[in-house]
Amino acid sequence: MRLIAVGDNVTDSYVEQGVYYPGGQAVNVAANAAQDGAEAAAYLGVFGDDARADHIRASLAEEGVSLVRCRKAYAATAAPGVRILDGDRVFMRGPRDSVAHLLKLRICKEDLQYFGGFDVCHTTNESGTEDDLAAIHGVTAVSFDFSTERDEAYLAKVAPNVNIAFCSGDGLSQTDCEAFARHLQTLGPQMVIITMGGRGSVCIADGTLYRQSIREVNAVDSMGAGDSFAAALLVRYFDTHDVDAALAFAAERAAHTCTVHGAFGHPHADDGVWGKR
């Protein structure tokens with residue numbers, strides 16, 4: 001299968017270790033799709049003009065992710081701070097004058113022509129692509145990560161142009177997650193996946209309910225586990241159209257991600273934006 005991810009790129013700064021890693025939901029999905037065996041994986045976003053941006057680009061190139069449609073701007077790369085507590089991540093706000101805060105990606109007709117060569121375009125509620133979804137949906141399937149977004153007006157705007165929806169079940173019971181998945185499917189997506197952390201995940205696909213447990217591992221860092229789950233599910237589903245197999249593979253890959261530092265590795269020594277604290 002062929003996947004393109006559109007949206008954010010950041011550097012996750014592990015302040016106590018004095019290192020940063022490439023990240024951002026869209027970047028993570030593209031890199032993980034490449035690792036999971038996608039025939040082609042690409043990323044489209046706006047890079048800064050600093051050393052952090054150079055490191056993200058080099059890391060993606062090393063993973064085999066194409067960057068041919070990316071833009072570059074004269075601004076810093078976003079650098080949220082991260083601390084790891086009992087294997088889970090705690091974010092701290094970084095400098096606000098970054099590409100991610102100052103600029104919005106504009107999708108043009110040449111981008112759409114490029115998207116037509118992929119099986120699916122994955123994007124997120126952090127990517128600012130909502131107004132472009134109808135056009136993207138016109139040329140390829142759309143996968144969208146809603147995270148914890150449950151506002152009805154937002155769902156009504158976005159969901160009709162989404163084929164596969166990923167959501168976080170944070171704060172919801174499993175019964176509520178299943179009900180929300182069924183509701184969201186009525187708005188447009190053929191498949192809705194709700195991840196529930198240690199409780200596993202639930203999925204509604206064409207009206208059928210699926211449940212998937214987690215894979216037990218000794219977690220050291222959960223950074224990017226949800227993005228890893230999404231990438232693996234998309235790769236396996238578009239290759240096989242087997243929902244059970246896709247969910248099982250996604251659980252395995254998300255578990256593996258929790259055993260390594262950073263969303264997909266590639267540490268770099270801190271450059272002073274945060275420093276070791």
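This is a predicted model: local features need pLDDT of at least 70, side-chain atom pairs count only at pLDDT 80 or more; totals for chains, interfaces and linings use all residues.
Start at helix α8, which covers residues 225-240. Its 16 residues span 22 Å from the first C-alpha to the last, close to the 22 Å expected at 1.5 Å a residue. The helix is mostly covered, with 12 of the 16 residues buried. Among the buried residues are Ala-225, Asp-227, Ser-228, Phe-229, Leu-233, Leu-234, Val-235, Tyr-237 and Phe-238. After α8 comes His-241, which has a positive phi near 55°.

The partner to look at next is helix α9, residues 243-257. Two packed helices are described by the angle between their axes and by the distance between those axes. For α8 and α9 the angle is about 145° and the axes are 7 Å apart. The crossing of α8 past α9 is right-handed. On the α8 side, the contact is made by Ala-225, Ser-228, Phe-229, Ala-232, Leu-233, Arg-236 and Tyr-237. On the α9 side, the residues include Val-243, Leu-247, Phe-249, Ala-250, Arg-253, Ala-254 and Thr-257. By class, the contact residues of α8 and α9 comprise 13 nonpolar, two polar and two charged.

Thr-257 of α9 deserves a separate look. Its relative accessibility is 2%, under the 20% limit, so Thr-257 counts as buried. Leaving aside residues up to four places away in sequence, Thr-257 touches Asn-32, Asp-221, Met-223, Gly-224, Ala-225, Ser-228 and Ala-263. Of these, Ala-225 and Ser-228 are also on the α8 side of the helix contact.

Now turn to helix α2, residues 51-63, where Arg-52 is placed. Is this arginine buried or exposed? Arg-52 has a relative accessible area of 2% and is therefore buried. Its side chain makes a polar contact of 2.9 Å with the side chain of Asp-271. With residues up to four places away in sequence not counted, Arg-52 touches Thr-11, Ser-13, Tyr-20, Thr-77, Ala-79, Asp-270, Asp-271 and Val-273.

The last stop is backbone geometry. Most residues other than glycine have a negative phi. Asp-206, which is not a glycine, has a positive phi of about 50°. This aspartate is found in the loop between β14 (201-205) and β15 (208-212). Asp-206 counts as exposed because its relative accessibility is 63%. His-266 also has a positive phi, near 65°, and is found in the loop between α9 and β16 (268-269). At 15% relative accessibility, however, His-266 counts as buried.

Key. Residues are numbered from 1 along each chain as its sequence is written. Side-chain values use heavy atoms; hydrogens and water are left out. Helices (H or I, at least four residues) and strands (E, at least two) are DSSP runs, numbered from the N terminus. Buried means under 20% relative accessible area, exposed over 50%, partly exposed in between (1.4 Å probe, protein chains only). A polar contact is a pair of N or O atoms within 3.5 Å; within protein, one must be able to donate a hydrogen and the other to accept it, and residues adjacent in sequence count only if both atoms are side-chain atoms. Contact means heavy atoms within 4.5 Å. The expected span of a helix is 1.5 Å times one less than its number of residues. Axes are lines fitted to C-alpha atoms, for helices over the stretch in contact, and angles run from 0 to 180 degrees between N-to-C directions. A crossing is left-handed if the near helix is turned anticlockwise from the far one by less than a right angle, and right-handed if clockwise. Ala, Val, Leu, Ile, Met, Phe, Trp, Tyr, Cys and Pro count as nonpolar, Asp, Glu, Lys and Arg as charged, and the others, Gly among them, as polar.
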